Amino acid sequence: MKCPYCEGEMKLGYLSGGEQPVQWIPQGKKTSIWRAGVADDAVVFGDGGFFKGYTADAYYCQGCRLVIMKK
C-alpha cells in the first residue's frame, strides 16, 4: 500500500494490545512474551490492559510515522 502523504511503500503489520501496550508489529513478527513488554521492531501506540486485548491489521509508513488500520 502507498502512503497517502509521501507515496512511499507502507509496511503491513498489525496493532496488538492485551497485556502489552498497544503497538504496531511488522507482519511475521510476534508480540513479546513479557506482560508489559514490547516486541522487537514494534511501534507502541497508547496503552492497553489485560482484559482489553485487541488486534487490527494496519499499515505503517516509517517516513511519516502514519498508521492506517484496516477495518
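1. Contacts along the chain. Among contacts (heavy atoms within 4.5 Å) that join residues at least 6 apart in sequence, 41% are between residues at least 24 apart. The model is a predicted one, in which local features need pLDDT of at least 70 and side-chain atom pairs count only at pLDDT 80 or more, while totals for chains, interfaces and linings use all residues. Residues are numbered from 1 along each chain as its sequence is written, and side-chain values use heavy atoms, with hydrogens and water left out.

2. Secondary structure and surface. The chain has 0 helices and 5 strands, where helices (H or I, at least four residues) and strands (E, at least two) are DSSP runs numbered from the N terminus, and the order along the sequence is β-β-β-β-β. Of its 71 residues, 34% count as buried, a term that stands for under 20% relative accessible area, with exposed meaning over 50% and partly exposed lying in between (1.4 Å probe, protein chains only). The accessible surface comes to about 5,000 Å², and 54% of this belongs to carbon and sulfur atoms; the areas come from the Shrake-Rupley method with a 1.4 Å probe, and for residues only the protein chains shown count as cover.

3. Strands β1 and β2. Strand β1 (residues 11-16) pairs with β2 in the antiparallel sense over 4 bridges, given that two strands pair if DSSP finds at least two bridges between them. Within this pairing, S16 stands opposite Q23 of β2. In a regular strand the side chains alternate between the two faces of the sheet. In β2, Q23 and I25 point one way and W24 and P26 the other way, and all of these are buried.

4. The aromatic pair. Which residues form the 1 aromatic pair that the structure holds? W24 and Y60 form the pair, which is tilted, with 4.9 Å from centre to centre and 35° between the planes. The pair links distant parts of the chain, as W24 is in strand β2 (residues 23-26) and Y60 in strand β4 (residues 55-61), 36 residues apart. Rings of Phe, Tyr and Trp (its six-membered ring) pair if their centres lie within 6.5 Å, and planes under 30 degrees apart count as stacked, over 60 as edge-to-face and the rest as tilted. Both W24 and Y60 are buried.

5. A42 is placed in the loop between β2 and β3 and, with a relative accessible area of 21%, is partly exposed. Leaving aside neighbours within four places in sequence, A42 is in contact with Q23, W24 and I25. The C-alpha atoms of A42 and S16 are separated by 9.8 Å, the two residues being 26 apart along the chain.

6. Cysteines. A search of the whole structure finds 0 disulfides, a disulfide being a pair of cysteine sulfur atoms within 2.5 Å. For C3, which is in no disulfide, the nearest cysteine sulfur is that of C61, 3.7 Å away, and C3 counts as buried at 2% relative accessibility.

7. Salt bridges. There are 2 salt bridges in the whole structure, each being a side-chain nitrogen of Lys or Arg within 4 Å of a carboxyl oxygen of Asp or Glu. E9 forms one with K2, with the closest N and O atoms 3.5 Å apart, and both E9 and K2 are exposed. K29 forms one with D41, with the closest N and O atoms 3.0 Å apart; K29 and D41 are both in the loop between β2 and β3 (43-44), 12 residues apart.

8. I68 lies in strand β5 (residues 66-69) and counts as partly exposed at 24% relative accessibility. Its contacts, leaving aside neighbours within four places in sequence, are M1, P4, M10, D57, A58 and Y59. The C-alpha atoms of I68 and A58, 10 residues apart along the chain, are separated by 5.4 Å.

9. Backbone points to check. Most residues other than glycine have a negative phi, and most peptide bonds are trans. E7, in the segment before β1, has a positive phi near 65° and is exposed, with a relative accessible area of 60%. R65, in the loop between β4 and β5, has a positive phi of about 55° although it is not a glycine, and R65 is exposed, with a relative accessible area of 60%.
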